[in-house]
Amino acid sequence: MKQRIGCFDLLKGIAIFLVVMGHALTMCIRGIDAAFIFKLIGQVHMPIFFFISGFLSFKNYNGSEFGFTAASLKKRFLQLIVPFVVMSALWHFYFPHSGLGSPMADSIAGLYCSFWKDGYWFTLCLFELFLIYWPLSAILRRLKALGARVAVVAAVEALLLTAAHIWASEPQNFDPAGITLLSWFFPIFMAGVFARKYASCYHTATTSGTWLTVASITFALTLYCIVYPWDLPFLPWWSHIVARPLLHVSTVIIAVAAVKPWSLREFPQPEASQHSPSAVARYFRLLGTESLPIYLLHYFFLFPLTPLQEPLRAMGLQLVPLAVVAAVTALCVTATTLLATHIIYRSPLLSLMLLGKNTPLAHA
């Protein structure tokens with residue numbers, strides 16, 4: 001059995017909880033997208049998923065590094081693209097009956113051509129990252145110098161940015177290939193790959209007080225640059241191209257530095273301690289192990305909270321009341337989603353088609 005990394009399970013659990021919180025704000029309550037907490041949540045959770053995916057993708061294959069095979073890609077296709085197609089289509093047909101008011105595509109073709117794929121962009125983007133990493137890993141395996149490897153990755157990112165500029169438009173809600181989001185998250189995915197390869201540097205970056213200080217300052221500056229660009233009209237057009245990878249890397253450094261000590265305390269090696277982890281740690285670890293099924297299914301359990309708009313506006317869209325409402329809603333939604341996943345797991349076919357997962361529970 002593949003050994004799990006406790007810190008990553010907790011990080012994914014926190015990240016998927018933030019995903020549901022963000023959707024509670026933008027889809028259940030609606031009309032408060034300008035709130036700082038929404039902008040903050042929208043920038044911090046997805047880099048964690050892509051970094052961890054890149055980290056876990058780096059492995060030795062037949063004694064060679066950067067191994068990624070056609071068999072691995074097939075596995076990812078079944079895990080990501082099959083449920084992407086099935087669940088996005090089901091969501092499209094269910095949405096008019098959900099009571100929610102968020103704007104969605106008016107056709108299946110419109111869904112797949114849209115920028116955010118009606119919320120299901122992540123699975124497509126992650127598979128496309130694996131699709132790129134498959135040949136890229138072979139190139140990186142043959143290069144020995146770090147500078148050469150970084151240069152190749154930078155060249156791929158430049159090609160993605162160019163293609164996104166030509167073939168996609170976020171303002172027009174048009175990006176059939178999802179290439180813009182791919183260009184946004186390719187650098188942090190590859191940062192995860194390099195973090196696994198250069199483990200000592202990764203350890204230093206996530207444990208050093210100096211690195212944490214630099215990351216915190218970088219995070220604050222780049223977050224402001226990305227979410228409040230109208231406050232900084234003097235910045236050049238390419239500032240976001242530089243700021244976004246810096247924001248993602250600093251987010252990961254801060255997140256790992258904060259969560260890893262907690263993980264080691266809550267989930268020490270069995271032979272080292274008989275310590276029982278707290279309920280909070282067990283909850284977020286559970287969410288982490290089920291993060292993809294929760295992402296795929298939770299939309300169906302969101303519910304309208306429109307009457308809360310005006311009271312929250314009257315409170316100035318302050319962080320604390322918004323966070324409390326979003327967190328309570330996320331608790332309800334994740335609990336219902338986990339129950340639904342448990343039921344779906346009883347059917348191997350539904351488990352694979354809807355959740356991209358074939359778990360032993362499905363055969364019990």
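**Helix packing and the nonpolar core in a predicted model**

Good morning. I begin with helix 6 (residues 146-167) and helix 7 (residues 179-197), whose axes come within 8 Å and cross at roughly 165°. This is a predicted model, in which local features need pLDDT of at least 70 and side-chain atom pairs count only at pLDDT 80 or more, while totals for chains, interfaces and linings use all residues. Residues are numbered from 1 along each chain as its sequence is written, and side-chain values use heavy atoms, with hydrogens and water left out.

Some terms belong here. Helices are DSSP runs of H or I with at least four residues, numbered from the N terminus. Axes are lines fitted to C-alpha atoms, for helices over the stretch in contact, and angles run from 0 to 180 degrees between N-to-C directions. Angles under 35 degrees count as roughly parallel, over 145 as roughly antiparallel, 65 to 115 as roughly perpendicular, and the rest as oblique.

Helix 6 and helix 7 are therefore roughly antiparallel to each other. Their crossing is right-handed, a term used if the near helix is turned clockwise from the far one by less than a right angle, with left-handed for anticlockwise. Residues in this contact (heavy atoms within 4.5 Å) include Val153, Val156 and Leu160 of helix 6, and Phe186, Pro187 and Met190 of helix 7. By class, the contact of helix 6 with helix 7 divides into 13 nonpolar, two polar and three charged residues. Here Ala, Val, Leu, Ile, Met, Phe, Trp, Tyr, Cys and Pro count as nonpolar, Asp, Glu, Lys and Arg as charged, and the others, Gly among them, as polar.

The loop between helix 6 and helix 7 holds asparagine 173. Its phi is near 55°, a positive value in a residue other than glycine. Is asparagine 173 buried or partly exposed? At 41% relative accessibility, asparagine 173 counts as partly exposed; buried means under 20% relative accessible area, exposed over 50%, and partly exposed in between, with a 1.4 Å probe and protein chains only. Aspartate 118 also has a phi near 55°, but aspartate 118 is buried, with a relative accessible area of 10%.

I turn now to the core. The largest nonpolar core has 112 residues, and among those with the most contacts inside it are Leu11, Phe186 and Met190. Such a core is a set of buried Ala, Val, Leu, Ile, Met, Phe, Trp, Tyr and Cys residues joined through side-chain atoms within 4.5 Å. Methionine 190 touches Tyr133, Leu136, Leu140 and Val153, not counting residues up to four places away in sequence.

Next comes helix 10. Helix 9 (residues 209-227) and helix 10 (residues 239-266) pack at about 135°, with their axes 8 Å apart, and are therefore oblique to each other. Their crossing is left-handed. Helix 1 and helix 10 pack at about 120°, with axes 9 Å apart, and helix 1 passes helix 10 in a right-handed crossing. Leu10, Leu11 and Ile14 of helix 1 are among the residues making that contact, as are Val256, Val259 and Trp262 of helix 10.

Finally, leucine 312 is found in helix 13 (residues 309-314) and, at 3% relative accessibility, counts as buried. Leucine 312 touches Ile29, Leu317, Pro321, Leu322 and Val325, not counting residues up to four places away in sequence. The C-alpha atoms of leucine 312 and leucine 322, 10 residues apart along the chain, are separated by 7.1 Å.

Terms used: Helix = DSSP H or I, 4+ residues; strand = E, 2+ residues; numbered from the N terminus.
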